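Dear colleague,

Please find the structure below, handed over for your files.

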Amino acid sequence: MEVQSVCIFFQTTISLGPYKRGFHLITDVITKEINNSINKISVGLVNIFLKHTSASLTINENFDSSVRDDMENISNKLVPDGTSYIHSYEGKDDMPAHFKSSMFGASLTIPIVKGELGLGTWQGIYLNEHRDSARKRKIIITIQGQK
């Protein structure tokens, strides 16, 4: 007897912010947006894709907000704002924002386990805003899996 499994797909685009420069916990925003779709899936994946080149996504500790402050401070020390960059059309934070976006990445893939995001106890999803001038950010969320 051959068992047929059906793969289910959901996709939505959401708009976030604008957020001030820094690292922002957005796990609740994402889970609220996908809760009605993800709870139908026993096993699968969620892909979260940020449609921008001056912000990024990452997963890190969700309990102590000082982690987010330290992440911002460390990233600014590693890639400081300045005028020595060739690409600076939008200001001193333009090229550093692009670099940080590439460094952290624009996409996350998280497993779905029994209808929930398979994040660890202390893990949270961050939106990392790397520009001084706040902008709204668009995210495409794609869910795939099996019942």
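**Packing of the helices**

The residues of α2 that are buried pack against β2 (22–25), β4 (55–61), α3 (94–104) and β7 (123–129). Please bear in mind throughout that this is a predicted model.

Helix α2 itself covers residues 66–78, and its 13 residues reach 18 Å from the first C-alpha to the last, close to the 18 Å expected at 1.5 Å a residue. Its buried residues are V67, R68, M71, E72 and S75. Seen down the axis of α2, these fall within an arc of 140°, so they line one face of the helix.

Helix α3 has D94, P96, A97, K100 and S101 as its buried residues. Around the axis they cover an arc of only 165°, which puts them on the same side of α3. The partners against which the buried residues of α3 pack are β4 and α2. After α3 comes G105, which has a positive phi, near 105°.

In the remaining helix to be described, α1 (residues 27–38), I30 deserves a mention. I30 counts as buried because its relative accessibility is 0%. Apart from its neighbours within four places in sequence, I30 is in contact with I14, I48, I125 and I141. Of these, I48 is 18 residues from I30 in sequence, and the two C-alpha atoms are 8.8 Å apart in space.

**The protein as a whole**

The protein contains 3 helices and 8 strands, and along the sequence they follow the pattern β-β-α-β-β-α-α-β-β-β-β. Taken along the principal axes, its C-alpha atoms fill a box of roughly 65 × 30 × 25 Å.

Among contacts with a separation of 6 or more, 84% are between residues 24 or more positions apart. The protein has 147 residues, of which 37% count as buried. Its accessible surface comes to about 8,600 Å², with 53% belonging to carbon and sulfur atoms. As to charge, there are 16 positive and 15 negative side chains, and the centres of the two sets lie 5 Å apart.

With kind regards

Key:
Residues are numbered from 1 along each chain as its sequence is written. This is a predicted model: local features need pLDDT of at least 70, side-chain atom pairs count only at pLDDT 80 or more; totals for chains, interfaces and linings use all residues. Side-chain values use heavy atoms; hydrogens and water are left out. Helices (H or I, at least four residues) and strands (E, at least two) are DSSP runs, numbered from the N terminus. Buried means under 20% relative accessible area, exposed over 50%, partly exposed in between (1.4 Å probe, protein chains only). Contact means heavy atoms within 4.5 Å. Accessible areas come from the Shrake-Rupley method with a 1.4 Å probe; for residues, only the protein chains shown count as cover. Lys and Arg count as positive and Asp and Glu as negative; His and the chain ends are not counted. The place of a charge is taken as NZ of Lys, CZ of Arg, CG of Asp or CD of Glu. The expected span of a helix is 1.5 Å times one less than its number of residues. The arc is that of the directions from the helix axis to the C-beta atoms.
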